[in-house]
Amino acid sequence: AEALRTHRIPSPKTMVLDRRTLAEAPGTLGFPMILKIPDGAFSRGIVKVANAADLDREADILLKESDLIIAQEFLPTTFDWRLGVLHGQALYACQYFMTRNHWQIYKHVGNGKVKSGGFKTFAIADVPADVVDIGVKAANLMGDGLYGVDLKQSDKGVFVIEVNDNPSIDGGIEDAHLKDKLYEQ
């Protein structure tokens, strides 16, 4: 969050919180807001809170798993972009759609079951230039390895949600356009 802010990469308002700073979040981010544990994945450890009571309850749960949590302003969209970046170059791009009647790509429904929205994989040339430009800049701040940059695109612009240093590459999804060339690269 600090690297993105320092280098003026568009991202949602973000705060790193602990028990002492939790009360500052509503004044800075407003409601609803997103809370995340730093090492969450596949929508695990990520919740949306709508008011102060939700914030206190959910933060208490997350702070039992981690000394710090990340809070971000909520930016609703129907899909998220994932831009795969390797050695400073965009490698693959996908849109991941939100699960029906839910605000996330994945919805944990209990008993270990997970529902997910669909996806669409794109040639880099067919991705909006600002998505590629912002995603590559964000990844390059982290290093020159393989990164998966999650972005939201709305009428307000393109925003980096997070940069993943261990992105998934699933057969039939991220490789749907490039196929074996993705792995060769």
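**Pocket, cores and buried polar residues in a predicted model**

Pro 32 lies in the loop that runs between α2 (25–29) and β2; here helices (H or I, at least four residues) and strands (E, at least two) are DSSP runs, numbered from the N terminus. The structure is a predicted model, in which local features need pLDDT of at least 70 and side-chain atom pairs count only at pLDDT 80 or more, while totals for chains, interfaces and linings use all residues. Residues are numbered from 1 along each chain as its sequence is written, and side-chain values use heavy atoms, with hydrogens and water left out.

Most residues other than glycine have a negative phi, and most peptide bonds are trans. The peptide bond from Phe 31 to Pro 32, however, is cis, with omega near -5 degrees. His 87 belongs to the loop between β5 and β6 (89–97), and Lys 179 to the loop between β11 and α5 (180–184). His 87 is exposed, with a relative accessible area of 56%, and Lys 179 is likewise exposed, at 51%. For these labels, buried means under 20% relative accessible area, exposed over 50%, and partly exposed in between (1.4 Å probe, protein chains only).

Next comes the empty space. Rolling a probe the size of a water molecule over the atoms shows where empty space is left. The largest pocket holds about 1,200 Å³ of space. Among the 49 residues that line this pocket, Lys 36, Ile 46, Asp 150, Glu 162 and Asn 164 are the closest to its centre. The elements that give two or more residues to the lining are β1 (14–17), β2 (33–36), β4 (69–73), β5, β10 (146–154) and β11 (157–164). Strand β11 provides the largest share of the lining, 5 residues. By class, the lining has 26 nonpolar, 12 polar and 11 charged residues. In this count, Ala, Val, Leu, Ile, Met, Phe, Trp, Tyr, Cys and Pro are nonpolar, Asp, Glu, Lys and Arg are charged, and the others, Gly among them, are polar. The search used a 1 Å grid over the protein atoms alone, and a pocket is an open set of points where a 1.4 Å probe fits, with protein on both sides within 12 Å along at least five of seven lines; lining residues have an atom within 4 Å of a point. Grid points are joined across faces, edges and corners, and the volume is the space filled by probe spheres set on the points.

Strand β5 (residues 79–86) includes Asp 80, and Arg 82 is also found in β5. Asp 80 counts as buried at 12% relative accessibility, as does Arg 82 at 10%. The side chain of Asp 80 makes a polar contact of 2.7 Å with that of Lys 152, and the side chain of Arg 82 makes one of 2.4 Å with that of Asp 150. A polar contact is a pair of N or O atoms within 3.5 Å; within protein, one must be able to donate a hydrogen and the other to accept it, and residues adjacent in sequence count only if both atoms are side-chain atoms. Beyond four places in sequence, Asp 80 is in contact (heavy atoms within 4.5 Å) with residues including Cys 94, Tyr 96 and Leu 151.

The side chain of Gln 72 makes a polar contact of 3.1 Å with the side chain of Lys 36 and reaches the backbone oxygen of Ile 161 at 3.1 Å.

Finally, the largest nonpolar core has 20 residues, of which Trp 81, Leu 83, Val 127, Val 149, Leu 151 and Val 160 touch the most other members. Such a core is a set of buried Ala, Val, Leu, Ile, Met, Phe, Trp, Tyr and Cys residues joined through side-chain atoms within 4.5 Å. Two or more residues each come from β5, α4 (129–142), β10 and β11, and α4 gives the most, with 6 residues. Apart from this core lies another, of 16 residues, among them Met 15, Leu 22, Leu 63 and Ile 69.
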